[in-house]
Amino acid sequence: RLPYVQEHNAYILDDEGKKRKLINSKIVPIDIRETEWYRYAKSLKKQTWSPIFIDKTRKILVINSSLPVYDKQQNFQGVFHSGVRLVTINQFLHNLKFSPSGQTFIMETSGNLIATSSLEKPYFVDNQGNVTRLKASQSQNPWTKAIAVQLEQQYQDFSEIPDNFLL
């Protein structure tokens, strides 16, 4: 038996946000110690953000804030984590007040889209259910795509973009 099983339940909620009816339930067996974010936090031995990963129960992108936990003798006990869905960051950006034609997006130095105020998903799912990250330069949004392409032309490596860069 695996030390961890993740259960995902989806409910219809009433007007007050209380569970009214279970509409879907899924249990996914996961050995949490083998997940990339767990191993990453354990290896760094300090609080960190994980690389962005695909949640195995919902096929969505998530980033974890993770903290390795030790006992009084400094023996490793496990990793405490809290996940943020990238769609939540999308919603936050969408709710920012811009001019009517304004927008914003966040991308990694890999060129992958993290979130955008246009609410475009930073990934796509193929016919087999495989999730693939979306490059900002492949965005369906013309502004996101144009800016990403311009940055690709200006910088050979996105990690060379200055920290204080504004467009």
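Analyst: Let's begin with Glu16. In this predicted model, Glu16 is exposed, with a relative accessible area of 63%.

User: What makes Glu16 and Lys18 a salt bridge?

Analyst: The cut-off is 4 Å between a side-chain nitrogen of Lys or Arg and a carboxyl oxygen of Asp or Glu. The closest N and O atoms of Glu16 and Lys18 are 3.4 Å apart, so the pair counts.

User: How do you know that Arg39 and Glu34 form a salt bridge?

Analyst: Their closest N and O atoms are 3.9 Å apart. That is within 4 Å, so they qualify. By this rule the count comes to four salt bridges.

User: Why is Asp31 called buried?

Analyst: Buried means under 20%. Asp31 has a relative accessible area of 19%, so it counts as buried. Asp31 also forms a salt bridge with Arg33, with the closest N and O atoms 2.9 Å apart.

User: Now the rings. What makes the pair of Tyr38 and Phe76 edge-to-face?

Analyst: The structure holds three aromatic pairs. In this one, the centres are 6.0 Å apart, within the 6.5 Å limit. The planes are at 85°, over 60, so the pair is edge-to-face.

User: Which parts does the pair tie together?

Analyst: Tyr38 lies in helix 1 and Phe76 in strand 6, so the pair ties together parts that are 38 residues apart in sequence.

Notes
Residues are numbered from 1 along each chain as its sequence is written. This is a predicted model: local features need pLDDT of at least 70, side-chain atom pairs count only at pLDDT 80 or more; totals for chains, interfaces and linings use all residues. Side-chain values use heavy atoms; hydrogens and water are left out. Rings of Phe, Tyr and Trp (its six-membered ring) pair if their centres lie within 6.5 Å; planes under 30 degrees apart count as stacked, over 60 as edge-to-face and the rest as tilted. Helices (H or I, at least four residues) and strands (E, at least two) are DSSP runs, numbered from the N terminus. Buried means under 20% relative accessible area, exposed over 50%, partly exposed in between (1.4 Å probe, protein chains only).
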